[in-house]
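Subject: Structure handover

Hello,

Here is the structure I promised you. Please open it before you read on.

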Amino acid sequence: MKYKSQKIAYYFFAVAMLLFALQLVYGFIMAFYRIGFEFGHPYLTFNTARAVHTNLLIVWLLTGFMGASYYIIPEESEREIYSEKLAYIQLIAWVLVGVTAITGYHFNWWEGRKFLEIPRPLDYLVVIDILLFLFNIGMTIWKANKHSTTQLVLFFGLLSAALLYLPGMVWFDNQTLDSFYRWWVVHLWVEGVWELIMGSILAYLLIKLTGVDREVIEKWLYVIVGLTFLSGILGTGHHYYFIGTPEYWLLIGGIFSALEPLAFLGMALWAIAMYRKSGRIHPNKISLYWTIGCAIMSFVGAGFLGFAHTLPQVNKWTHGTLITAMHGHMAFWGAYGMLVLAVITYAMPMITGRKLWNDMIGYLAFWFTNIGMVGMTGAFAVAGISQVYLERKLGLDFLIVQKEIAVHFIGLILAASLFSLGAILFFYHFIKYGIPTEEAMSDTELQEA
Ligand code: HEM
Ligand code: HEM
Ligand SMILES: [Fe+2]
């Protein structure tokens, strides 16, 4: 911690960890429902649990991105955050809106638009809160003593994510139009502007952890940004195959989305190459694990498993099945879950002054979550392939098929238990670090690291 306002990040990280833990609870609820233990019915239906699970995911990731920004921007700008007070107000308001939304879901106050379930009145509060956040970060950069590519790409990513939230708020009576613009949020976030946030945070971590020259790392950041836009924007077409849009989307969506893995492959090679080039090894090795792990797992989950169902010839069979859930889990985990955990692992010793960076708990958290996630992805894959075959090739009834594949959810629960054990170790570590301290600022070993 070189600037005292960087400690704001801690409170965002703590909220993110809490929401992450809660997300897992809803994942288990769904998995148990799937194998016949429907203990919560009719108070909590499967579809409500699903909306809560995915919304908690988005909210903890966004909270993590905000924390990462409050940590990274002061350092990259060589000054304190514009207003510390505003940051705390913004966090409290964010939590209040989030809690209201999630509570409301339990009373069926949500819209049936996957991932955008937040009722429109609450959307306005989300927008106000994000404006406060962007204002605070923007003013810090405006008054900065230094500007860097990393800092500007991060800000541009955050700003465009905010702007892209707006098309999801327009009301359409036509379902095709509603779907069309829903993807501007859902797709252009994870396969567009969030990748800028990812690229810039990886750049920051690589600069800190490998000691390779900033010029070299940031030069490649431009290449990543270029590849992302080249493929990701028109790649949106892979969601326009069968929703009532013109036929040319089959060709455009197929070609451009097939190029999307290049950006993720680029990030993986970039992270590995920078690691191999590194002259010095930063003492925080476990943060390097998360950083490089993120770059690699995102290529497998988003790039490879995304490609697996992106061509129209494949997608016409797999669309909306558990194949989507297979890809969704590893992509979100690899690209954005691991990214947030990488920043947290890097920042915690700096904020608290405690150097728990190489103990066993940290490594076990890394391996258990990742091996668990590979297992979960496998369970969804076998369930998904069976579903496609039975339901779409043989033409069996949807619900009969769901019963046939229930057995694979036992496998999911086993793998998810290993994943959750890893997550619990991560939470334990987080708690063990404790809260921000003043000593962290005067620790010279930390300042130089
Ligand atoms: C980190 C990046 C990514 C994340 C987090 C992600 C996550 C997701 C999620 C959650 C869905 C379900 C969306 C919904 O139904 O509302 C989805 C759908 C899809 N994704 Fe990705 N994805 C990523 C990257 C990619 C890439 C690079 C490709 C292609 C190479 C791809 C191909 C697809 C396709 C074709 C679908 C539609 C599935 C269907 O028809 O049901 N994704 N993705
Ligand atoms: C305890 C661990 C977890 C369990 C048991 C679990 C289980 C589930 C289940 C059963 C579904 C619904 C699939 C269906 O439609 O039947 C689901 C959806 C989803 N989960 Fe999880 N999950 C867990 C952790 C996670 C994590 C860590 C992430 C991301 C980092 C995640 C991201 C998602 C996403 C994106 C969807 C929606 C997929 C789609 O669009 O089809 N889950 N999860
Ligand atoms: Fe997409």
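Below are my notes on the ligands.

This is a predicted model, in which local features need pLDDT of at least 70, side-chain atom pairs count only at pLDDT 80 or more, and totals for chains, interfaces and linings use all residues. Residues are numbered from 1 along each chain as its sequence is written, chains are lettered from A and ligands numbered from 1 in the order in which they are written, and side-chain values use heavy atoms, with hydrogens and water left out.

Ligand 1

There are 26 residues around ligand 1 (a residue counts if one of its heavy atoms lies within 4 Å). Lys114, His319, Gly320, Thr324 and His327 come nearest. Look for the polar contacts (pairs of N or O atoms within 3.5 Å; within protein, one must be able to donate a hydrogen and the other to accept it, and residues adjacent in sequence count only if both atoms are side-chain atoms). The side chain of lysine 114 places an N or O atom 2.7 Å from an oxygen atom of ligand 1. For threonine 324 that distance is 2.8 Å. For asparagine 315 it is 3.0 Å. H12 gives the most, with six residues.

Ligand 2

Ligand 2 is surrounded by 25 residues. The closest are Arg34, Arg50, His53, Lys114 and His329. A nitrogen atom of ligand 2 lies 2.7 Å from an N or O atom in the side chain of histidine 329. Arginine 50 has a polar side-chain atom 2.9 Å from an oxygen atom of the ligand. H12 supplies at least two residues of this shell too.

The iron ion

Which residues coordinate the iron ion (ligand 3)? They are His187 (ND1), Glu191 (OE), His238 (NE2) and His239 (NE2), at 2.1 to 2.2 Å. Donors here are N, O and S atoms within 2.8 Å of the metal (3.2 Å for Na, K and Ca); water is not among the atoms, so sites may look incomplete. Along the chain, the donors follow the spacing H-x3-E-x46-H-H. Glutamate 191 sits in helix H6, and histidine 239 in the loop between helix H7 (214–235) and helix H8 (248–259), 48 residues apart. The iron ion is 4.5 Å from the iron atom of ligand 1.

Best wishes

Conventions
Helices (H or I, at least four residues) and strands (E, at least two) are DSSP runs, numbered from the N terminus.
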